[in-house]
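Please look at the sequence and the structure before reading on.

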Amino acid sequence: MKALQSLGKNTIEKMASIGRATALLIGAIFGRFNIFKAFPLFIKQIYVVGVQSLIIILVSGLFIGMVLALQGYTVLIDYGAEDSLGPMVSLALLRELGPVVTALLFAGRAGSALTAEIGLMKATEQLTSLEMMAVDPIKRVVAPRFGLVSLVCQS
Amino acid sequence: MTKNLSDSIHQQEALVELKNVTFSRGDRVIYDDISLKFPKGKITAIMGPSGIGKTTMLRLIGGQLMPDTGDILVAGSNIPKLSRSALYKVREKMSMLFQSGALFTDMTVFDNVAFPIREHTTLPEDVVRTMVLLKLEAVGLRGARDLMPAELSGGMARRAALARSIALDPDLIMFDEPFVGQDPISMGVLVRLIRDLNSSLNLTSIIVSHDVKEVMEIADYLYIMADKRVIGHGTTEELLESDSELVQQFLRGEADGPVPFHFAADSLQQDIMMGSK
């Protein structure tokens, strides 16, 4: 009987947790925010999540390109096709690996920076104080950042 | 005489009222069927030992937590039954001063105070500026308007947060441990500010604290909570004369009494003898 109770309790808790996460995601995607009020935040975040992520993405791209070129050269030279090395590296890197590497590094760097920022706001009760000021933190804090990250990642 | 005063305060129109509220976190019951009244235009304090859920009560009143049962009435609205938009509407007329101040770290003091005005009104920027400067003047921080929160001392941060919380002239303001970690001068400044703002703006204030001396100095009515319920309430004079041992132990800060100094355990002799076996 106890095992059954515990199973029921855990299931309800898990479902509630999934429900909360889904509500947050929906709020982040569809949360309508005031573009004029969010504009200074947009500019700051474009710099923080976009421009500051460029360096790490460029450096990673450079090293991946160098590795591809080195390994590709040792193989292609056996067939006398070393002339194709340039197009191969550039096409593989820009068309195929570029988006993947960018997405992974962007998620790692910008995602963790945003998580830390929002986490700090939560820990210092800034989000609670927003709620008490009758300002929805999902619309004011999460939705603009989510929209902006999607935009920066696309471009 | 004091009894009459207490009755008259308690019978005044209440801005906030908790009726038979029960609240628990998991299996742990925090409040067991409690009822409290916070009269309009008065400073009411909630005191009690750490960990009995004083801050939780403010969160219940603010609608951030929902009680298991019971009603929480704020200006006639029953908070647990309100829709999200109606709750946000009620929150526009209430304000909360957090223990940490909770200033937005990426904005100056000026922008922090201007934030609620800009969010909820469409006033032109020069009017906003005047309003913010007046609020900052009231807390003595007009000269610190361009500083960032990280550049403020603890007392200044709390005063800046106080200016922000009165920016929209709320009806109700809730103070969560406003005197914690303050030096005597900052403490005196805060006590004076809370008292002056309450009378000049005709606010209803709820103070949650365990700084007995300061709270008794400014509160019109006090509730002392322990063991999931209200163990005593009344004016300062009534509580000082209370015959409840628990109330007296709390007010006098005695180490031993109904709340024991020792955590429940076997006798020391028994424990020592067990160790030698």
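**The interface**

The model is a predicted one, and the values given here are computed from it.

**Pockets and cavity**

The table lists the volumes and the number of lining residues for the spaces discussed below.

| Space | Volume | Lining residues |
|---|---|---|
| Largest pocket | about 1000 Å³ | 32 residues |
| Second largest pocket | about 600 Å³ | 21 residues |
| Largest cavity | about 200 Å³ | 18 residues |

The largest pocket has a volume of about 1000 Å³, and the lining residues closest to its centre are A:Leu24, A:Leu127, A:Pro137, A:Ile138 and A:Val142. Two or more residues of this lining come from each of α1 (2–30), α3, α4 (126–132) and α5 of chain A, and also from α3 (84–91) of chain B. Among the contributors, α5(A) gives the most, with seven residues. By class, the lining of the largest pocket comprises 18 nonpolar, five polar and nine charged residues.

The second largest pocket has a volume of about 600 Å³, and of its lining residues A:Leu41, A:Arg140, B:Asp106, B:Met107 and B:Phe115 are the closest to its centre. At least two lining residues are supplied by each of α2 (35–76), α3, α4 and α5 of chain A and by α4 (109–120) of chain B. Here α2(A) has the largest share, five residues. The lining of the second largest pocket divides into ten nonpolar, two polar and nine charged residues.

The structure holds one cavity of 30 Å³ or more. Nearest the centre of the largest cavity lie A:Met133, B:Met94, B:Ser95, B:Arg164 and B:Ser165. Its lining takes at least two residues from each of α4 of chain A and β6 (94–97), α4 and α6 (154–165) of chain B, and it consists of ten nonpolar, five polar and three charged residues.

**Helix packing**

Two packed helices are described by the angle between their axes and the distance between the axes. In chain A, the axes of helix α3 (residues 85–123) and helix α5 (residues 137–154) come within 12 Å and cross at roughly 170 degrees. An angle over 145 degrees counts as roughly antiparallel, and α3(A) and α5(A) are therefore roughly antiparallel to each other. On the α3(A) side the contact involves A:Phe106, A:Leu114, A:Glu117, A:Ile118 and A:Met121, which meet A:Val141, A:Arg145, A:Val149, A:Val152 and A:Cys153 of α5(A). Of the residues in this contact, eight are nonpolar, none is polar and two are charged.

In chain B, α6(B) packs with helix α7 (residues 184–200) at an angle of about 10 degrees, the axes being 10 Å apart. Angles under 35 degrees count as roughly parallel, so α6(B) and α7(B) are roughly parallel to each other. From α6(B) the contact draws on B:Gly155, B:Arg158, B:Arg159 and B:Leu162, and from α7(B) on B:Ser186, B:Val189, B:Leu190, B:Leu193 and B:Leu197. The classes represented in the contact of α6(B) with α7(B) are five nonpolar, two polar and two charged residues.

Conventions:
Residues are numbered from 1 along each chain as its sequence is written. Chains are lettered from A and ligands numbered from 1 in the order in which they are written. This is a predicted model: local features need pLDDT of at least 70, side-chain atom pairs count only at pLDDT 80 or more; totals for chains, interfaces and linings use all residues. Side-chain values use heavy atoms; hydrogens and water are left out. Axes are lines fitted to C-alpha atoms, for helices over the stretch in contact, and angles run from 0 to 180 degrees between N-to-C directions. Helices (H or I, at least four residues) and strands (E, at least two) are DSSP runs, numbered from the N terminus. Angles under 35 degrees count as roughly parallel, over 145 as roughly antiparallel, 65 to 115 as roughly perpendicular and the rest as oblique. Contact means heavy atoms within 4.5 Å. Ala, Val, Leu, Ile, Met, Phe, Trp, Tyr, Cys and Pro count as nonpolar, Asp, Glu, Lys and Arg as charged, and the others, Gly among them, as polar. On a 1 Å grid over the protein atoms alone, a cavity is a set of points where a 1.4 Å probe fits but cannot get out, and a pocket is an open set with protein on both sides within 12 Å along at least five of seven lines; lining residues have an atom within 4 Å of a point. Grid points are joined across faces, edges and corners, and a volume is the space filled by probe spheres set on the points.
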